[in-house]
Structures are given as structure tokens and as C-alpha cells.
Amino acid sequence: MSLLKEPINQTDVDREAKICADLIGRSLGAYLKTVGLVSDAYLAQVLVALWDSGMYEYVRNHERVEIEIASQDLNLDASILRSLIEYLVGWGILAPEGESFVLSDKGRSYWNYITRGILTSHLAGYNQLLVHLGPLLRKEIDLYDSRLDRSGRLVASGSGYALLGSGTIPWILKLIKQIGGKFVMDVGCGAGDFLIQLASRWPAGAGMGIDMNAEAIAEATANAERCGVSDRLTFHQAKLSAAPMSIDRNILDKVDTLTAMYLLHEFAGRGGAEAIIAGMSQLRAQFPGRKLLMLEGERADPAALYATPPRTFAQLDYTFIHPISRQGPLRTSQEWEQIIKASGATLVERVPGFGQVPGWISLYIISL
């Protein structure tokens, strides 16, 4: 029975009120941070809604934003837009200038690709899962209930923005050139952000992307056309598994370098480490001797984080969300090395952080 349905015990209420009074009296700052959880959550939702509706680029491309004009340009509800804009004014992220609004100095720390990517991917992409955590915990629904499905579009686009903003792509491109790569296959390409940006910086390069989601492939193809790189990139609906990919052999034979950006851990959702090994083994069978560049995050140690609190809890967030979103647990670098070895591939080098991202994210250079 829910506690809210039980009779209220006045003794318990008085005890809880005393606990609150003691907390406020002893550490008002710490207490206010707990109250601020609501405001932080509201702010994140407001930013995601605006950014997913075109306001990110609009603010970037206009010196001043006028609500009536912006709502017409973007086909948005003017009254709702005003409410969201005024909320950001209260936070000091936007500043009023007459009838217009401009991005403030404080707002610039929010208005960037990395923040946009993280909020879009983790907060918006996993929103349905997060709001159904209670029913999941109470066993009213199971882990494979469709109400827990993440948004593939938001997770993919958010991951793409974070990847673009981190400076990872120029670093990966430099490495591809060093190992002599000329034709790259991106496994789990999503909307094609990684490959398109790679090709935009690399006039002599070409490649192909594969993804099991037909909508993602259609969007990637359209994005490549819009960005002027469709003559060097193709995208194919295909699934990485123990079975060979059904793609023209003439195309596959061009591949000399493979990339997998935060992808291979997902194979463990239903099949455990064996599923990752099978997928990597299939890559090795189809592309023997080629190099695979794999980005993966490492599982957090909660006790270690508690002992030495980090600057952010991003690793803990990442570790928490993966098992309950049917992707299986994250793995340590040692576990990844065992998986690589079990697939018959060879780990050439592991580069933690590589100067672009937190040290708990590593680039694995693998010889298939």
C-alpha cells in the first residue's frame, strides 16, 4: 500500500519537520541545492524544447530575437515561446533589450553543442524511461515494455552534437590519415553526423555508414546531400550481427578503416558480452586486417566517486542509464580488452581521454 493512502501519523510528521528544521539551520546552502533540483530539471526541459524546435540555430544566427517574428519564422506558438523565453530571462541565460532578447554571457555556457548534445541525448532521449522508473521499480511494467523505449532520433542527434562539440572528429581524422585510411565505414552511423563532418574536413576521403534504423539512414542520406558530400558518402540499412551484412561486396571491399562511436556496448543488451564478441568477430571475418577505431565509456565505481566526488557525475549518469535502457552494463577497460581478445582481434592501443573528452572515455585502436 502507498504511504500516501495510510493515515497520517502526527508524530511522524513532527519528526520529519524537525529533520527539515535541523537541516536548514545547520546547512542552508546544501538544503537549497536539494530544492534546486526542481529548477534544474525545469531549465533542462525548457532548453531541450527550444533547441529541438529550432531556437538553437535561430539564436546563433540572429543578433536579437523578437518573439512574434521568431514564432512566425519557426512556426511556433507565440504565447508558449514567450513563456519559455521569459523563463530563461529569469535564469539570466537570455537578456532583454527593448522588445528583443539576446544571449547573455552566462547563457553562452549553456548555448553550445556539448550541453545541447548531453541534454538532448540523455534527458530528452531517455525521458520516457525516466518518467516510468517508478512503475518499473514496482514491477508494474517490465524492462522490455514499449513505454520505456528511448527516442532513437533524440539520442542519435544529441550524441551527434556532443561529438561535434568535443573536438573529437578532427582528432579521429588525424588518426585515420596516420594509419593510411581512405574509405571509412561508420558502424551505427545514425543521422550521419560523424561521417558528414569527417568528409567535410577531408576532401580526399570517402566512406559509408550502416545503421539498422531505416529512418536514420534516410535522414543521413538527406543530410549528406544538403552538406554537399553525397558524392563521397553512402548510407545503408544493415545490422551488425553474427551473419554477414547484405551489402554489395564491391562497396565493402573499399573499406580500409572502421569506426564505432559509443555503439558496441549496446549489443550486450540482450546477448551479454557474447553478443559483442560475435559482432566484432563478424567484422573481423568481413574486414580482416583493417583497423577499427572504437570509442567507449568506462563503468563508474560508485564507492570511488563517493570517496572522491568528481567535478561532474556524468560518468555515474552514463553508468546508471545503460543497464535499465536495455543496453547492458558498461564495461571497464580491462573487460573491453578481454572482449577484443576473445573476438580474435588485436588491441593495438587504448588512448584514455585523448585530450578531448573525460579520461573515463577511451579510444580503442583495434586490428581486426
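**A residue and its surroundings**

Val102 is found in strand S2, which covers residues 100-103. Helices (H or I, at least four residues) and strands (E, at least two) are DSSP runs, numbered from the N terminus. The model is predicted, and local features need pLDDT of at least 70, side-chain atom pairs count only at pLDDT 80 or more, while totals for chains, interfaces and linings use all residues. Residues are numbered from 1 along each chain as its sequence is written, and side-chain values use heavy atoms, with hydrogens and water left out.

Is Val102 buried or exposed? Val102 is buried, its relative accessible area being 14%. Buried means under 20% relative accessible area, exposed over 50%, and partly exposed in between (1.4 Å probe, protein chains only). Once neighbours within four places in sequence are set aside, Val102 is in contact with Glu63, Arg64, Ile93, Leu94, Ala95 and Glu97; contact means heavy atoms within 4.5 Å. Asn112 is 10 residues from Val102 in sequence, and the two C-alpha atoms are 15 Å apart in space.

The next topic is the pairing of charges. Side chains of opposite charge can pair when their charged atoms come close. A salt bridge is a side-chain nitrogen of Lys or Arg within 4 Å of a carboxyl oxygen of Asp or Glu, and the structure holds 14 salt bridges.

One of them joins Glu335 and Arg299, with 3.2 Å from N to O. Glu335 belongs to helix H18 (residues 333-342) and Arg299 to the loop between strand S7 (291-297) and helix H16 (302-307), so this pair ties together parts that are 36 residues apart in sequence. Glu335 is partly exposed, at 29% relative accessibility, and Arg299 is partly exposed with 31%. Some salt bridges share partners, and these join Glu63, Arg64 and Glu97 into one network. Val102 is in contact with residues that include Glu63, Arg64 and Glu97.

Two further pairs may be described. Asp22 forms a salt bridge with Lys18, and their closest N and O atoms are 3.0 Å apart. Both residues lie in helix H1 (residues 10-26), and because they are four residues apart there, about one helical turn separates them. Lys18 is exposed, at 52% relative accessible area, whereas Asp22 is partly exposed, at 35%. In the other pair, Glu266 forms a salt bridge with Arg150, the closest N and O atoms being 2.7 Å apart. Glu266 is in the loop between strand S6 (257-261) and helix H15 (268-286), and Arg150 is in the loop between helix H9 (133-137) and helix H10 (152-165), so the pair ties together parts that are 116 residues apart in sequence. Glu266 is partly exposed, with 28% relative accessible area, and Arg150 counts as partly exposed at 28%.

Finally, the whole chain gives the setting. The protein chain has 18 helices and nine strands, and 42% of its 368 residues are buried. Of its contacts between residues at least 6 apart in sequence, 69% join residues at least 24 apart. The mean pLDDT (the predictor's confidence in each residue, from 0 to 100) is 91, and 98% of the residues reach 70 or more. Where pLDDT is low, the predicted coordinates should not be read in detail.
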